[in-house]
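Reader: I have a structure open and would like to go through parts of it. Can we take it step by step?

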Amino acid sequence: MKEKSLKQQSTARIFIRNLLRNPSAVIGLTIISLMILGAIFAVQISGADPDYMDPISGRLGPSLDHLMGTDQLGRDMLSRVLSGGKQSIYIGVLASFLANLIGTVLGATAGYLGGKIDSVVMRVSELVMTFPQLILVLIFVSLLGQGINNVIIVFALTGWMTTFRLVRGEFFSLREESFVEADRAFGFSKPRIIFRHILPNTMSPIVVAFTINIAIFIIAEAGLSFLGLGVPVTTPTWGNLLTAAQNPVVIDEYWWLWVFPAMSIAVFVLGVNFVGDGLRDVLDPRHKSLIAKSKWKVALVGRLGRKK
Amino acid sequence: MVSFLIRRVAILVPMAFTISALIFFASRLSPIDPINAMVPPDMASDSANLEQLREELGLNDNIILQYFHWLKNIATGDFGYSLQSGEKISDILALRMPATLELVLSALILSTLLALTLGLFAGAKKGGVADKLSRVLGVIGIAIPDFFIGLALLNVFAFRVEWLPTGNRVAPGQVTLWDRLPNLILPVSTLTIAMLAVLIRYTRNSVLDTLNRDFVKTARSKGVPEWRVLYSHVFRNSLGPVMVLLAFRLPLLVGGSILVETVFQWPGIGTTIIAAVTASDYPVIMVVSMIIAMVILVASFLVDIIKSILDPRVRLGGGN
Amino acid sequence: MRKFTKSLGALGLAAALAVSVLAVPSQAATNNSITVAEVTAGGGGVQTIFSPWINSGSISHHAMFRALFKADANLTSVKPDLASGYKYSKDGKTLTVTLKSGIKWSDGKDLTVDDVVWSMNSLLRVAKSNAIYVNAFKQIVGSEAVNGTNTTTMSGITTKGNDITISLKAPVNTLIPVLAQFMILPKHVLANEDILKLDTNNYWKNPVVLGPYKVGTFSQGNFITLVPNDKYEGSKPIIKEINIIVSSNLVADAKSGKLDYFTTNDPDTIRAMSSVSTFKSAPLDVLFYRYLVINPTGPFSNVKAREALKYAIDWNKLVPAIYGQQGKVINSGVASGMSFHDSSIPKYKYDKAKAAALLKEANFDFSKTIRLRTYNQSQPAVMLILTAVAQQLTEIGMKVEFLPWTGDATTELWTNRNYELALKGLSAFNVGEWFAEYSNPATFEKLLGAQPKYAALNSQLIQSTTLRDTGKILTDLQKLEQQDLYKLPMHFLKQVVFISKNISGTPTKWGNPLYVYQNNIASWSAN
């Protein structure tokens with residue numbers, strides 16, 4: 001028992017050490033932490049409440065008083081951009097977690113059991129994956145209504161397929177491994193084999209997918225809110241701040257109303273992607289999934305080559 | 001091969017039915033009375049008139065009956081009428097589809113050409129100019145939402161330097177495709193940049209893979225000129241996976257890109273969907289989603305066929 | 001390969017540059033053609049001409065359709081148009097209108113009294129039409145027999161020669177102004193069509209008309225070109241072509257000369273237009289109300305709680321901040337400055353303490369979420385002002401959830417009623433329409449229950465023949481309104497007409513662009 005925890009500790013330590021040695025992970029983590037801190041201390045940093053209105057000094061360009069200018073209601077844009085991260089990041093993280101949960105459970109079950117269940121879930125995932133995501137989201141939103149939680153649910157329901165495919169692929173190869181054969185010989189229950197024994201071996205791609213999904217959902221929230229179908233406008237999110245740009249006059253004359261929120265999204269998403277790259281390097285030095293993919297590709301290419 | 005095709009078609013048909021039922025009943029779950037969406041009460045002349053309209057539209061029928069009626073109509077090309085404008089949905093599609101096709105097709109072709117060229121050079125010379133450029137484009141494509149690219153292009157090219165028009169696909173005296181080219185440039189560029197990232201990465205990896213193949217090494221050792229190796233060996237052999245990716249993009253041709261169309265107020269299917277969703281114009285939503293779903297089914301069918309031609313193991317048995 | 005792709009790329013770049021030079025537009029207005037931007041039926045692109053029985057006032061309506069009378073810019077006094085004159089009986093219950101002879105439709109057929117009678121009867125048979133016509137025509141004897149299915153003629157309308165006689169159940173003081181808005185449509189073209197769905201008929205793509213212009217080119221989804229109607233009996237119009245387009249960017253199109261006329265109430269557009277020197281503008285006081293519908297069944301069941309909204313929100317600061325000169329705060333359906341305004345109604349004043357006191361008096365339940373809703377999602381200014389309202393209500397301790405309705409607002413407003421406060425707009429033909437809303441069984445009565453007091457006063461108002469009576473009734477209605485506060489008036493919204501300085505011959509006084517009046521379209525010229 002003691003031995004095991006020691007071993008775990010040391011794995012964790014090795015992981016963190018490797019991560020901190022990976023330049024892209026460090027850059028990414030720095031960006032993310034700075035932006036999260038900015039979101040938490042938005043009021044202190046900007047010196048203004050994001051909701052405080054001063055209608056008379058609306059639409060002011062960037063100046064020393066308001067580094068990012070003010071919006072049409074005279075609210076300080078710096079404060080709004082900083083605190084806008086709070087909800088955007090929350091949506092991204094929670095939706096990504098839920099989507100990964102769905103994807104993992106379905107992928108593990110389908111991958112281990114195979115057969116009919118697998119092919120049904122596979123068809124469903126194919127369908128959801130190829131259906132233009134935004135249209136699917138629009139249909140859901142028109143049925144469920146707007147709100148932060150609805151947005152999260154919709155994202156989770158429409159974004160689980162990548163993880164599903166990854167996990168399913170891993171399970172396909174792992175279920176034939178000898179330790180699983182041994183489990184079966186011992187007569188362990190299926191859920192136990194799936195979730196206690198095989199799943200821990202597939203954590204790396206899941207963690208990477210989780211990070212990448214955060215970025216994808218933050219961009220999706222921005223798109224949905226830009227169309228006016230996302231989070232209620234009274235909650236500042238990066239996407240909601242961008243809605244101002246629906247008006248051509250704003251695009252033309254009040255650039256600070258949309259450039260800063262859009263830059264925040266870009267920088268944060270970049271940070272998340274850096275972390276994702278770093279995690280991939282650290283967790284999976286052999287690029288297992290990439291190799292699996294390239295095997296398939298090599299097979300395709302080989303065939304083409306022979307044909308001619 | 002034949003039995004493989006039959007198996008795929010056997011899956012295709014029940015899926016099409018399931019989707020149609022899902023679309024139909026989901027839209028009927030919504031609490032909106034189509035009559036009210038069509039005629040706001042403060043514009044209703046008389047309640048008897050509304051009752052007659054309800055009857056004419058078949059809204060008093062049994063819902064199962066309505067479903068089969070709808071299916072039959074769709075199958076015979078009768079898509080019904082928009083609640084918002086009262087127009088035939090087939091007319092709306094005929095009007096909006098070319099706009100979307102124009103946009104998406106140009107972007108698809110342009111992005112494929114660019115991605116293939118850049119990807120080939122990037123893969124051929126790692127660390128070279130093309131490689132660096134494609135990395136930058138890759139980062140842009142991942143981190144910057146496509147509509148932000150659109151907004152930025154609008155701000156610079158349409159407002160600052162006023163070189164290009166903002167939207168307005170067709171105006172009087174502007175009828176042919178040539179007339180409309182200036183209107184196309186900004187939205188097509190936006191969509192192209194957005195599509196480019198993934199495509200380039202894909203081609204580059206694919207080229208790298210091919211470069212490691214034995215036949216490339218053999219060709220090189222035989223003294224075949226490098227450009228020939230690249231073109232007739234590497235390039236053509238890297239096309240396969242790219243084709244698969246492109247087949248997955250086909251549904252965009254029907255669905256359009258909602259955000260890019262919205263930014264440029266492009267009168268295509270994407271903006272039609274948005275207008276329909278915000279007005280609860282559910283006959284339009286139903287037909288458009290149905291068509292998109294069908295195109296997707298066909299596209300994934302095509303992908304399967306491409307895969308099976310490229311890799312016989314797929315055909316032989318579930319080989320997932 | 002490398003060479004090939006390089007040259008291909010260079011070619012593409014060159015082509016793009018060439019095209020962008022070509023695209024620099026320069027097509028100022030000339031007598032040969034002007035371009036106007038309009039919102040038309042179908043949304044998103046010009047589909048068809050809007051049925052004038054639903055909404056009128058656009059340039060295409062001015063140019064193509066005609067009514068029995070032509071209103072002046074105030075919409076109150078009228079001049080003959082298709083009719084040569086009219087005469088009321090002494091009791092005010094019989095109206096005789098005489099039609100001019102020799103007027104022809106654009107297809108060459110004669111205009112007859114049958115067209116007029118058929119149009120009036122048909123209005124009651126369509127599913128969708130503007131309430132001002134319905135409210136007036138329902139006062140005609142026999143109107144109840146006409147609807148989508150039943151009888152197609154009202155017994156109260158008879159003809160003899162060129163005279164049309166209309167018998168009313170009671171006097172209707174708005175009938176003549178309404179008839180000046182009511183466009184006559186051709187019976188010989190439409191009689192066999194599905195009248196119920198007239199607004200979506202193919203007729204609107206190329207209507208047979210009476211006005212100085214008719215449709216020349218109809219490019220589905222893109223634009224419509226109007227050309228002179230050679231059957232028009234008046235003087236020939238000067239401008240040879242009126243292009244009707246949908247503009248996705250009014251300011252840019254106006255700047256670049258792609259546009260010569262449009263109307264708007266969007267404050268950002270208006271602000272940006274002030275820098276466009278080639279245009280002149282005319283701000284118009286119109287009866288365009290913006291107000292909050294208050295659901296009296298929830299937390300706002302006590303009238304004191306509704307009254308608190310007057311003080312809890314800084315209306316006098318917010319409205320000008322968002323709408324500038326276009327917004328005017330109002331505290332009554334008959335706003336201050338209008339005749340018969342009840343000056344005893346207190347003005348809005350930002351006073352949080354007073355609001356809090358009123359809410360306390362009303363025993364307001366702060367734990368309930370106040371659902372603030374709107375259907376004007378596409379208007380940025382509306383979203384802004386309601387965001388500000390939500391913020392200020394939050395500041396006095398309410399929990400507010402502000403969301404736009406996606407979709408069918410009328411079901412939400414009157415049937416589902418899942419809101420406490422909802423923003424509504426009303427483009428009224430006259431003040432009476434503001435009050436008529438309260439007793440409309442299809443709308444407010446669904447929310448409020450039967451409103452016999454309003455109904456009685458409203459029918460008195462429509463029958464009143466003297467200014468004194470009208471004044472008294474309007475005062476009573478305002479008192480009643482203040483007592484109930486079911487609607488909280490927020491502000492009027494001015495419309496602004498923008499027109500290229502190249503165009504002359506336009507009216508000295510513009511009227512409400514949501515209605516039709518004498519705007520001399522046939523004598524506009526461009527240089």
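This is a predicted model: local features need pLDDT of at least 70, side-chain atom pairs count only at pLDDT 80 or more; totals for chains, interfaces and linings use all residues.

Reader: Start with chain A and chain C. How many residues are in contact?

Author: On chain A there are 22 residues in contact with 26 residues of chain C.

Reader: And how much area do they bury between them?

Author: About 2000 Å², with 62% of it on carbon and sulfur atoms.

Reader: How many salt bridges does the rule find across that interface?

Author: The rule finds 1 salt bridge between chain A and chain C. Arg59(A) and Asp268(C) form a salt bridge, and their closest N and O atoms are 3.2 Å apart. By class, the side of chain A that touches chain C has 12 nonpolar, 5 polar and 5 charged residues.

Reader: What about polar contacts there?

Author: Across the interface of chain A and chain C, 2 residue pairs are in polar contact.

Reader: Which strand does β1(C) pair with?

Author: β1(C) pairs with strand β10 of chain C, residues 242–245, in the parallel sense and over 4 bridges.

Reader: Now Asn331(C). Where is it?

Author: Asn331(C) is in the loop between β14 and α11 of chain C.

Reader: Buried or exposed?

Author: Asn331(C) counts as buried because its relative accessibility is 7%, and the cut-off for buried is under 20%.

Reader: What does its side chain reach?

Author: The side chain of Asn331(C) reaches the backbone oxygen of Ile345(C) at 3.5 Å. A polar atom of that side chain also lies 3.1 Å from the backbone oxygen of Pro346(C). Leaving out residues up to four places away in sequence, Asn331(C) touches several residues, including His341(C), Tyr348(C) and Gln482(C).

Reader: Last one, Gln518(C). Why does it count as partly exposed?

Author: Because Gln518(C) has 39% relative accessibility, which lies between the 20% and 50% cut-offs. Gln518(C) is in the loop between β20 and β21 of chain C.

Reader: What is it in contact with, leaving aside neighbours in sequence?

Author: Beyond neighbours within four places, Gln518(C) is in contact with Lys70(C), Ala71(C) and Pro507(C). Lys70(C) is 448 residues apart from Gln518(C) along the chain, yet their C-alpha atoms are separated by 6.2 Å. A polar atom of the Gln518(C) side chain lies 3.2 Å from the backbone nitrogen of Asn520(C).

Methods: Residues are numbered from 1 along each chain as its sequence is written. Chains are lettered from A and ligands numbered from 1 in the order in which they are written. Side-chain values use heavy atoms; hydrogens and water are left out. Contact means heavy atoms within 4.5 Å. Buried area is the accessible area (1.4 Å probe) that two parts lose on being put together, summed over both. A salt bridge is a side-chain nitrogen of Lys or Arg within 4 Å of a carboxyl oxygen of Asp or Glu. A polar contact is a pair of N or O atoms within 3.5 Å; within protein, one must be able to donate a hydrogen and the other to accept it, and residues adjacent in sequence count only if both atoms are side-chain atoms. Ala, Val, Leu, Ile, Met, Phe, Trp, Tyr, Cys and Pro count as nonpolar, Asp, Glu, Lys and Arg as charged, and the others, Gly among them, as polar. Helices (H or I, at least four residues) and strands (E, at least two) are DSSP runs, numbered from the N terminus. Buried means under 20% relative accessible area, exposed over 50%, partly exposed in between (1.4 Å probe, protein chains only). Two strands pair if DSSP finds at least two bridges between them.
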